[in-house]
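Good morning, and thank you for coming. I would ask you to look at the sequence and the structure together before I take you through them.

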Amino acid sequence: MTQLITSRPAAVPPVDFTGWATPYVFFTGKGGVGKTTTASASAVALADAGRRVLLVSTDPASNLGDVLGVSVGSVPTPVPDVAGLDVMDIDPEVAAQQYRERVVGPYRGVLPDTTVATMEEQLAGACTVEIAAFDEFTALLADHDVTSAYDHIVFDTAPTGHTLRLLSLPTAWTGFLQNSPSGASCLGPLAGLEAQQARYAAAVDALADPVRTTVALVARAEVSALAEAARAGAELADIGIANQQLVVNGVLAGDPQGDLIAGALLDRQAHALATGPDSLSEMPTVSVPLVASDLTGLPALRALANTNGASAPAQADAAELVASTHETLGRLVDDLARSGHGAVMTMGKGGVGKTTVAAALAVALADRGLPVTLSTTDPAAHLTQTLAGDAPAGLEIARIDPAAETARYRDEVLAAAGDLDDESLALLEEDLRSPCTEEIAVFGAFARTMAGAVDRIVVLDTAPTGHTLLLLDAAQSYHKQVERTVGEVPDEVRALLPRLRDPEFAKVVLVTHPESTPVFEASRLAADLERAGISPYGWVVNASFGASGTRHPLLLRRAALEQSHVADVAAQSSRTWVAGWQPEPPVGAAALRALMG
């Protein structure tokens, strides 16, 4: 049983939302930690203080429009009722479409149709989206008319992995272009990059200049989120971006008032902050309070900016919670256990507990004597920490390791190529040095893992939403890519899409928190899956204070706010399961079993 402790480390000082000194401020971090909220609150506060501000999203899962209550497009648009604030959205998908046409268009009617078709195929991969978004980003920084019009440009960037890749592209691509003048790579986008090298170099200089750029690493007061922030900070520092500040979001302050859940939350946050990575202890750190409201709309953002570090007071007459009529995770396990085989995939916005839910389901299924494999396609791969070496009998732990899969894929391609002359071998090796090789290799491993679900249950902890969709979308063009490189398509790859679309074989479980942004993101994911011919099996509402048993006033108010979000989920899905926020960290088999309800 968790014990309340009365002595906790000194509180982290509150963030000054108007205190950003540099003209460029980037908010980045693990998915779901509140980057959009903190970026938006900062932009509004800076504008209210008389600054001219542009708020930009480079996140493929951007919801700036929902947070600010405005329609956001690809050009700076004034935000009503906030003098001096403009907002814009760099939509990677739209940018990719425009980028493809810019690269291929000049060759239509000039080169043979088969050659143009090959170029279009090369531009169909996920890397094109990445490159196109970065191209738009650097174009913005290079536009003097835009940058000179504002005192601050605030960037609401994508989750950590995407952002690091986006920011590190100049070094990677410039080096690749210098070594690959023939453009023989499978990455057709390189054809459109060479002329922009000077612009990219200028963007890197701006990002690395501490006078011009601050990077705000946003995290929750949680062990995994702080570890992710430290990793992100280190990788950014490695590419010269060292002016960093840690922003700890959602910090509960005050007296737990004898409430077990509030005390456990305070203790867990204090422990995470006290034992965080050493690199973070040397970094300027500020906090954003936990508040009892949905942080959408200008009034809520302004209220957050004016809390001065204190948790917003809960309403004295906090509504009594309506008894939940939704099923527990234990009932979901009942449903999954009936077939005895197939794939279960947890999907959702980053930070909502996909790894925890996947591990809990796998442990519960193994407890029933079923053969179970628990695997991940998430580059962050937190499964080992979640299980803490406490896997039950019958549960096999696996991981799709991007580095290992890429090395194996390269070896397969080179072996299949046979004897080549020096020039042909050099071109092939160049092809395999392209960053998209990793995406191809990981996708093949994903297909092999799915094939294992024919005679056992495979639970897949998938990557955050954007990565997952790119992975699934790649299925349709992946066959052609494999045929081009190794000459044949493995059976498991050919069978993948039919398996994903078979509801008896593959069950997609969407995971969300009972908050507006995660529910919105999961709804968008559900719609995208439906368009791909994949119907979600059901939704898990995770970390619900309403199902935790709390009586703390602020947490009760948050629990009351959850009800509309749970109702929204139930309206979209015939199957909904609710897991309460747990006083014990969900690490190890015993704690994961407690999630079953």
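The protein chain exposes about 24,300 Å², of which carbon and sulfur atoms supply 52%. Please bear in mind that this is a predicted model. Of the 597 residues in the chain, 53% are buried. The secondary structure comprises 25 helices and 15 strands. Among contacts between residues at least 6 apart in sequence, 78% join residues at least 24 apart.

Thr22 counts as buried because its relative accessibility is 5%. Beyond its neighbours within four places in sequence, Thr22 is in contact with several residues, including His152, Pro210, Arg212 and Asn243. Thr22 and Val215 are 193 residues apart in sequence, yet their C-alpha atoms are 9.8 Å apart in space.

Which residues of H3 are buried? They are Pro92, Ala95, Ala96, Tyr99, Val103 and Val104. These residues cover an arc of only 145° around the axis, and therefore lie on the same side of H3. The general principle is that an α-helix has 3.6 residues a turn, so residues three or four places apart point the same way.

Between helix H3 (92-104) and helix H4 (113-122) there is a loop, and Val110 lies in it. With a relative accessibility of 60%, Val110 counts as exposed. Together with Tyr107 and Leu111, Val110 makes a nonpolar surface patch of about 260 Å².

Finally, the salt bridges. A search of the whole structure finds 16 of them. One joins the side chains of Asp48 and Arg302, at 2.8 Å from N to O. Asp48 belongs to helix H1 (residues 35-48) and Arg302 to helix H12 (residues 298-305), so this pair ties together parts that are 254 residues apart in sequence. Both partners are partly exposed: Asp48 has a relative accessible area of 43%, and Arg302 one of 26%.

Asp335 and Arg338 also meet in a salt bridge, with an N to O distance of 2.7 Å. Here Asp335 is partly exposed at 23%, whereas Arg338 is exposed at 63%.

Thank you; I would welcome your questions.

Terms used. Residues are numbered from 1 along each chain as its sequence is written. This is a predicted model: local features need pLDDT of at least 70, side-chain atom pairs count only at pLDDT 80 or more; totals for chains, interfaces and linings use all residues. Side-chain values use heavy atoms; hydrogens and water are left out. Patches are made of residues with over 30% relative accessible area and no salt bridge: like charges are joined within 9 Å, nonpolar side chains (Val, Leu, Ile, Met, Phe, Trp, Tyr) within 5 Å. Accessible areas come from the Shrake-Rupley method with a 1.4 Å probe; for residues, only the protein chains shown count as cover. A salt bridge is a side-chain nitrogen of Lys or Arg within 4 Å of a carboxyl oxygen of Asp or Glu. Helices (H or I, at least four residues) and strands (E, at least two) are DSSP runs, numbered from the N terminus. Buried means under 20% relative accessible area, exposed over 50%, partly exposed in between (1.4 Å probe, protein chains only). The arc is that of the directions from the helix axis to the C-beta atoms. Contact means heavy atoms within 4.5 Å.
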